[in-house]
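Trainee: Please take a close look at one part of this model for me. I would like the helix packing first, then whatever surrounds it.

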Amino acid sequence: MQALGGGWDELLAPLFADERYQKIRTFLKQEYSTKTVYPDMYDLYNCFRMTPVNQIKCVILGQDPYHEPSQAHGLCFSVKPGVPLPPSLQNIYKEIQSDLNIIQPNQGDLTKWAQRGVLLLNTTLTVRAHQANSHANCGWAWFTDNVIKLISQHTQNTVFLLWGGNARSKAPLIDAHRHLILQCAHPSPLSSYRGFFGCRHFSRTNEYLLAHNKTPIDWDLNH
């Protein structure tokens with residue numbers, strides 16, 4: 001595996017050396033060689049490559065990658081340029097417009113957020129084509145749970161955005177005395193009206209960052 005940079009190689013070294021991670025690698029070699037798996041293996045760890053540890057301001061937890069062609073590229077909720085916006089991302093944009101009066105972008109690539117300090121982490125990092133949650137039990141939960149714990153331990157005053165039941169179940173992994181945890185319903189059309197719309201998580205994130213002498217996040221993807 002190529003070096004991740006940004007302080008991640010050192011932080012994650014104990015996980016990569018663990019036999020449980022070796023089992024994940026063995027599983028993935030078989031899956032990538034015999035099935036269509038998303039994201040592309042070279043995009044698998046993009047969330048780490050794009051957001052150095054010491055620049056993390058906010059963590060958004062997704063569940064597993066999009067499972068249709070040309071969508072997933074290693075950042076939760078994000079799709080490659082030119083790909084139609086998934087419904088959950090459309091709702092995220094609607095909430096940002098309502099919360100911060102930011103015009104909704106016409107594309108779904110969230111790379112700029114990652115470069116501005118938002119770690120876009122899925123709790124499962126791979127998926128078979130057309131089969132949601134198909135890799136949910138291959139060991140990723142162990143890996144990403146430990147990533148969340150390490151971020152909690154090694155950063156200060158980070159905002160964790162936990163949307164939906166899967167993400168909210170990770171709250172006990174985070175030190176609430178060191179960080180801000182914001183929870184609400186998932187932005188999917190099935191649940192967005194049960195508390196995602198109106199959550200104001202984006203402005204609340206920036207208010208917390210400012211209160212702790214951090215530069216707020218520029219959520220506007222139009223520039």
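Mentor: Start with helix α1 (residues 8-17) and helix α6 (residues 140-154), which pack at an angle of about 140° with their axes 11 Å apart. Axes here are lines fitted to C-alpha atoms, for helices over the stretch in contact, and angles run from 0 to 180 degrees between N-to-C directions. Helices (H or I, at least four residues) and strands (E, at least two) are DSSP runs, numbered from the N terminus.

A word on the basis. This is a predicted model: local features need pLDDT of at least 70, side-chain atom pairs count only at pLDDT 80 or more, and totals for chains, interfaces and linings use all residues. Residues are numbered from 1 along each chain as its sequence is written, and side-chain values use heavy atoms, with hydrogens and water left out.

Back to the pair. α1 and α6 are therefore oblique to each other. Angles under 35 degrees count as roughly parallel, over 145 as roughly antiparallel, 65 to 115 as roughly perpendicular and the rest as oblique. The crossing of α1 past α6 is right-handed. A crossing is left-handed if the near helix is turned anticlockwise from the far one by less than a right angle, and right-handed if clockwise.

Now the side chains. From α1 come W8, L11, L12, L15 and F16. They meet W142, F143, N146, V147, L150, I151 and H154 in α6. Contact means heavy atoms within 4.5 Å. By class, this contact of α1 with α6 has ten nonpolar, two polar and no charged residues. Ala, Val, Leu, Ile, Met, Phe, Trp, Tyr, Cys and Pro count as nonpolar, Asp, Glu, Lys and Arg as charged, and the others, Gly among them, as polar.

Helix α2 (residues 19-34) also packs on α6. Their axes come within 9 Å and cross at roughly 130°. α2 and α6 are therefore oblique to each other. This crossing is left-handed. R20, Y21, I24 and L28 in α2 meet W140, W142 and F143 in α6. That contact of α2 with α6 divides into six nonpolar residues, no polar and one charged.

α1 and α2 complete the set. Their axes come within 5 Å and cross at roughly 75°. α1 and α2 are therefore roughly perpendicular to each other. L15, F16 and A17 in α1 meet E19, Y21 and Q22 in α2. The classes in this contact of α1 with α2 are four nonpolar, one polar and one charged.

Two backbone details follow. The peptide bond from Y38 to P39 is cis, with omega near -5°. P39 sits in the loop between β1 (37-38) and α3 (46-50). H130 is not a glycine, yet has a positive phi of about 65°. H130 lies in the loop between β4 (127-128) and α6.

Last, the side-chain makeup of the open space. The lining of the largest pocket has 13 nonpolar, twelve polar and two charged residues.
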